[in-house]
Amino acid sequence: MNDSKSFDVVFNCSINVIGGGVQNAVNFIRHTIKNNGYGLSWFYILSAQVYEQLKNELSAGEYQLFEITPAKSPAARSALVNLVKKINPAVVYTSAGPTYVKFSVPHIMGCSNPYVLGASDYAYKLYGNKLMQFKRRALSFYQRQKIKLADEWIAQTEASSISLKKIVGRDKRIHIVHNAISEDFLNYFKNIDCNNLINDKNQKEISVLVPTAYYKHKDIEKIPLMISRLSQRYTKKFTVVFTIKEKEIYDEILNSAKKLGVDAYVKNIGGYHHNKALELYLAHDIILQPSVLEVFSTSYIEAMATLKPLVVPQFDFSTSICGDYAWFYDCHDMDSYVESMYRAFMDYDSLSRYERAEPILRKYGSQQERTLRIVNIIKAFMC
């Protein structure tokens, strides 16, 4: 840290270690750097996962790396509090909480944790036996108490704002800033010439991408059974491609597929950096996002931007984001799951997908627009 320099804002993403939380933090920092801080001076407190993507873009003395997340370590929490106290900014903005600590300065906290905001019984059942479910519910209760340790909050959707008010208090100030799509996906979509889109039946082997890090609520353990049923209905060859970085998790999926005789249908390419995401989506034919618990999933709108058929379970959060773009299924009904996958396989109408995607993508906008909205909230908070 540069002791001779004062900072207006501490941007804290020390607890963002996986998935969309990491990428939102990376995008936010990149845009503040690109735009000279929007008139503010920033100090960045980073998780190792965020740092890995930004290490060549950061200036010395303007960031601190937390190798161990404060979510897991009391010592890291103490270090976080002491660091903010030493910097003494006008405000701390936490990308996605809870932070598990109370800062000595005003604090704006993003909240996109679906367990904090409310999970279904089905999502909890995916944790296994009653003891494991109890532990997850207890953690959710604990996180709800810790999410209160801020002065204002930022939610990603109107529904999230309503849920959050029930936790922190109806008189508390909660801002709504929708999630957004990255510039590379948005630029790709903007450059599509819809006049040249054709309805071309796919004659090659179909590849289905499951672009998700592993969480219990992603419900990926059910995919081998879906493949088994689908292979009986769809006679052409297809492959389901996972992006799971934990070898032991994928081995469990592969073993399930072997027992069903469909191991030739599955493949794992491991985790990926978001700068490879557009290339990855374009290399596949269908996007499957089986998660049964989300606040917002960027894979929904990334599928739309690349005009890929999208298959998701039917919940309020998924229908509110995907509108009439996705093929929905009932997560309790395997026949429904297989039917939606089959419909996606037979969906050749790229022009129709373009027309359905355009208003949705226009609603959510770019990461740069999202960053500016948050910066303006921070500036107003400082006044």
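Predicted model: local features only at pLDDT ≥ 70, side-chain atom pairs only at ≥ 80, totals over all residues.

Residues are numbered from 1 along each chain as its sequence is written, and side-chain values use heavy atoms, with hydrogens and water left out.

Begin with helix α12 (residues 298–305) and helix α15 (residues 350–364), whose axes come within 10 Å and cross at roughly 130°. Helices (H or I, at least four residues) and strands (E, at least two) are DSSP runs numbered from the N terminus, and the axes are lines fitted to C-alpha atoms, for helices over the stretch in contact, with angles running from 0 to 180 degrees between N-to-C directions. The two helices α12 and α15 are therefore oblique to each other, given that angles under 35 degrees count as roughly parallel, over 145 as roughly antiparallel, 65 to 115 as roughly perpendicular and the rest as oblique. From α12, Ile 301, Met 304 and Ala 305 make the contact, and from α15, Ala 357, Ile 360, Leu 361 and Tyr 364, where contact means heavy atoms within 4.5 Å. These residues divide into seven nonpolar, no polar and no charged; Ala, Val, Leu, Ile, Met, Phe, Trp, Tyr, Cys and Pro count as nonpolar, Asp, Glu, Lys and Arg as charged, and the others, Gly among them, as polar.

Helix α12 also takes part in a contact with helix α8 (residues 183–190), the axes coming within 9 Å and crossing at roughly 30°, which makes α8 roughly parallel to α12. Here Phe 185, Tyr 188 and Phe 189 of α8 meet Glu 302, Met 304 and Ala 305 of α12, and the contact residues comprise five nonpolar, no polar and one charged.

A cavity is a set of points, on a 1 Å grid over the protein atoms alone, where a 1.4 Å probe fits but cannot get out, and its lining residues have an atom within 4 Å of a point. The largest cavity has a volume of about 110 Å³, a volume being the space filled by probe spheres set on the points, which are joined across faces, edges and corners. Elements giving two or more residues to its lining are α1 (19–34) and β5 (107–111), and α1 gives the most, with three residues. Among the lining residues are Gly 21, Asn 24, Phe 28, Tyr 93, Gln 156 and Arg 370, and by class the lining has five nonpolar, six polar and one charged residues.

Technical notes: 1 Å grid on protein atoms, 1.4 Å probe; cavity = no way out; pocket = protein on both sides within 12 Å on 5 of 7 lines; lining within 4 Å.
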